[in-house]
Amino acid sequence: MRRLAKLARQIVQSNLAELPYPYRLTYAVTGRCQARCIMCNIWQKPPADELSLAEIDAFFTRANKFSWINLTGGELFLRDDIADIVRSISTHCRGLYLLNFPTNGYQTEKIVATVREILDHLTISRFMVTVSLDGPRDLHDTIRNLPGSWDRALATFRQLRTLQSRRFSVYLGYTLQKANLHALPEMLAAARHEIGSLSYDDIHVNLAHISGHYYANASFTGMPAPHEAGPLLDRIRMARRRKLFNPVAFLEHRYQRLAQEYLLTGTPPLPCQAAAASCFLDPTGIVYPCSVFATPVGSLRENDYDLYRIWNGPKRHAVRKAVCDGTCPGCWTPCEAYQTILANLLTAGRRAP
């Protein structure tokens, strides 16, 4: 309850004024990935000089005020030390309430074993894993350019679901784009046929995005048309159960409702919290305001792994001003949208009933 109260206090404060340091971190621990996704070119990047475990530990020793950490990749489980990275987070971030990360689910045995290991020593209140599934079998394997990935992802989801508890949850993740715009019901039916009970409440929906410094997909043209995506997003929201006092359900509902406005305008529907309540860290230790805005704020390696030194510097303040002025690229990824929704609760309520 103490950790949840801390997060709630930070959310309230973000509605009233700018926070002195971020409570949410998105950290891409690696750019390596087995998949060759049509909407993402991370796999095409040259090998990066990723932060070592010792460097990561030094970072979290100094930056330990987070309430929410989202690890991402590439594919996290291509790092053999991913359990040790989580252990470092758990050791140093004593006030952390939520840890979550996605996986392509390809390495079923390793993923399940690692999640078991994490659960054995994890002291964090809430832990969530999302397994990517972007359509029925043939479509998913085509989007991911990885034969057999649908079967492996579903096997991973099935086994992780047996580990669910009050503190651990697993979901399917669906990246919405032109290629799979109308395939979500078919994917749900196909997955349900394989594993039994499954509903829209078990699926996180995310819009595909363009990012030069993260996804390296500046040439991607597969964003869905607003007039086509809108009805689908409405259908998803209506199919999801309204769960009182469930923050995940609330954020999913609000994200999908406001995603329609984003698709129509191309701009964030609410004042963004990038470089304020949240930031993005790439595999080499470069700090960015978010996963889309390609202007770096600073390098951990050049600042003794001290995020707060970077945060209080002029570069971060200049980048934050650009976000507030609307001169950033603008996006609506869950990495940025969720804390933005939480920092605009009254506004969100008026604009997205």
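**Close-up 1. Lining of the second largest cavity.** By class, this lining has six nonpolar, one polar and one charged residues. Ala, Val, Leu, Ile, Met, Phe, Trp, Tyr, Cys and Pro count as nonpolar, Asp, Glu, Lys and Arg as charged, and the others, Gly among them, as polar. The model is predicted: local features need pLDDT of at least 70, side-chain atom pairs pLDDT 80 or more, while totals for chains, interfaces and linings use all residues. Residues are numbered from 1 along each chain as its sequence is written, and side-chain values use heavy atoms, without hydrogens or water. Pro268, Leu270, Cys272, Cys331, Trp332, Glu336, Ala337 and Thr340 form the lining. A cavity is a set of points, on a 1 Å grid over the protein atoms alone, where a 1.4 Å probe fits but cannot get out; lining residues have an atom within 4 Å of a point. The space inside is about 40 Å³.

**Close-up 2. The largest cavity.** Its space is about 50 Å³. Volume is the space filled by probe spheres set on the points, which are joined across faces, edges and corners. Around it stand Pro268, Cys272, Ala274, Cys290, Phe293, Cys328, Pro329, Gly330 and Cys331. Eight of these count as nonpolar, one as polar and none as charged.

**Close-up 3. Helices α8 and α9.** Helices are DSSP runs (H or I, at least four residues), numbered from the N terminus. α8 spans residues 226–239 and α9 residues 247–265; they pack at about 170°, axes 9 Å apart. Axes are lines fitted to C-alpha atoms over the stretch in contact, and angles run from 0 to 180 degrees between N-to-C directions. The pair is therefore roughly antiparallel (over 145 degrees).

Note on methods: Helix = DSSP H or I, 4+ residues; strand = E, 2+ residues; numbered from the N terminus. Parallel < 35°, antiparallel > 145°, perpendicular 65-115°, else oblique. 1 Å grid on protein atoms, 1.4 Å probe; cavity = no way out; pocket = protein on both sides within 12 Å on 5 of 7 lines; lining within 4 Å.
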